[in-house]
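Q: I'd like to learn how to read a structure like this one, feature by feature. Could you walk me through it?

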Amino acid sequence: METALTPALGATAHNLTAEEFDAIVRRHQRRVHRFLLMMVRDAEEADNLTQECFLRAYQNMSSFRAESSLETWLMQIAANLIRDQARNRKVGFWRRLLGLRDGEGEEWAEHVAAPEASPEQSLLAREEVRAVWGVAEQLSRQQRAVFLLRFVEDMELHEIAAVLGLQVGSVKTHLFRALQTVRGRLRDQR
Amino acid sequence: MNTGENSHELLVEKALVGFDLAAEHHLAHCAPCQEERERVGEALREFGNASRQHAGQPEIFWEQQAARIRAGSTERAQRSRLGLTLAPGLAVLFLVAFALLSREPGVRPAQPPTAQVDSDHELLVEVERAVETDTPLSLEPATLMIEQGDSKENSISTNSGKEPGSHEN
């Protein structure tokens, strides 16, 4: 997952200009934001975490080693931010208590199905996606991260392992269990 | 659901997770499992597409986010520069303070202030007080005895001073 800036970055990480950093932000912000949004399911929180992710990257650019791609490194920072955020259970507790997440699955499902699809096809697709999201929300944080990185971000297993700091075998196990849970719940719902 | 169905599902899930030789071998000869993999795979692709679409934002959103990140990075860089500028000054200040403190033998505990006493003045005051004070009555005979003793001594000394002259005569 090399990027155009990655080779140059290895040599000039210490002397990154504002323009170069801005180019990195523009290149990677969509993916980082998407991953964070899917994990935290809160637009404002995802926006804040995306900013923090890039600011941490900026501050620690000297520690970046070209062993991984810049995108993988940024996703690692994002994953760490989610982990840190997950430690702060207070927000999640109040959110659950106030029921702020109700109905989000429906909102997401509205985006399903291409405009050319028939109403029946659209409905079916919306139902399935809504159901998958409903189940994905119930997965453990690690399983959800693996599941989303694999099926939304289309990442390879070794890339997911690098992002989450896991062995490839562990990623396979998490993904296998996540799939089993999703399929099992979907079967039960039918 | 029997064990056979379970093993088919496990193989389909294994195939969906990643390349698995045993699963691929099974799927090559099992049409229902192939269909199942296609169906689940399609649902997961739809899920991925829907999620990506949902996370999509208008261009202005990305512009604003990038601007906020730019402002944040500038602020943090300034803060970092300020820290770097102040750090040597603070270090010098610390060293000077340390040097000054180490030159002193040690911080002495504060001693309570002592009243300065002029011993001569004190003595003078005592003498004056004694002179002004009347001698107590009980001490009068003793005083007289001392006075008498003094007058006898004086007379003896006067007589003894005259004797050599009488011998001379």
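Q: How many helices and strands does chain B have?
A: Helices (H or I, at least four residues) and strands (E, at least two) are DSSP runs, numbered from the N terminus. Chain B has 6 helices and 0 strands, and along its sequence the pattern reads α-α-α-α-α-α. Please keep in mind that this is a predicted model, in which local features need pLDDT of at least 70 and side-chain atom pairs count only at pLDDT 80 or more, while totals for chains, interfaces and linings use all residues. Residues are numbered from 1 along each chain as its sequence is written, chains are lettered from A and ligands numbered from 1 in the order in which they are written, and side-chain values use heavy atoms, with hydrogens and water left out.

Q: What share of the residues of chain B counts as buried?
A: Buried means under 20% relative accessible area, exposed over 50%, and partly exposed in between (1.4 Å probe, protein chains only). For chain B, 18% of its 169 residues count as buried. Accessible areas come from the Shrake-Rupley method with a 1.4 Å probe, and for residues only the protein chains shown count as cover. The accessible surface of chain B is about 13,300 Å², with 59% of it belonging to carbon and sulfur atoms.

Q: How many residues of chain B are in contact with chain A?
A: Contact means heavy atoms within 4.5 Å. Here 37 residues of chain B touch 44 residues of chain A. A second way to read an interface is buried area, the accessible area (1.4 Å probe) that two parts lose on being put together, summed over both. The two chains bury about 3,800 Å² between them, 60% of it on carbon and sulfur atoms. V17(B), F47(B) and H54(B) supply 20% of the area that chain B buries against chain A, more than any other three residues.

Q: How many salt bridges does the rule find across the interface of chain B and chain A?
A: A salt bridge is a side-chain nitrogen of Lys or Arg within 4 Å of a carboxyl oxygen of Asp or Glu. The rule finds 8 across this interface. One salt bridge joins the side chains of R183(A) and E36(B), at 2.1 Å from N to O.

Q: Which elements give two or more residues to the side of chain B that touches chain A?
A: They are helix 1 (3-17), helix 3 (31-55) and helix 4 (59-103) of chain B. Helix 3 of chain B gives the most, with 14 residues.

Q: Is helix 8 of chain A enclosed or open?
A: In helix 8 (residues 141-151) of chain A, 8 of the 11 residues are buried, so this helix is largely enclosed by the rest of the structure. Among the buried residues are V146(A), F147(A) and L148(A).

Q: Where is V171(A) placed, and what is in contact with it?
A: V171(A) is in helix 10 (residues 168-189) of chain A and is buried, with a relative accessible area of 0%. Leaving aside neighbours within four places in sequence, V171(A) is in contact with V146(A), L157(A), I160(A), A161(A) and L166(A).

Q: Which residue other than glycine has a positive phi near 55°?
A: One of them is R41(A), in the loop between helix 2 (18-40) and helix 3 (43-59) of chain A. R41(A) counts as buried, at 5% relative accessibility. D154(A) also has a positive phi, of about 55°, although it is not a glycine; D154(A) lies in the loop between helix 8 and helix 9 (157-164) of chain A.
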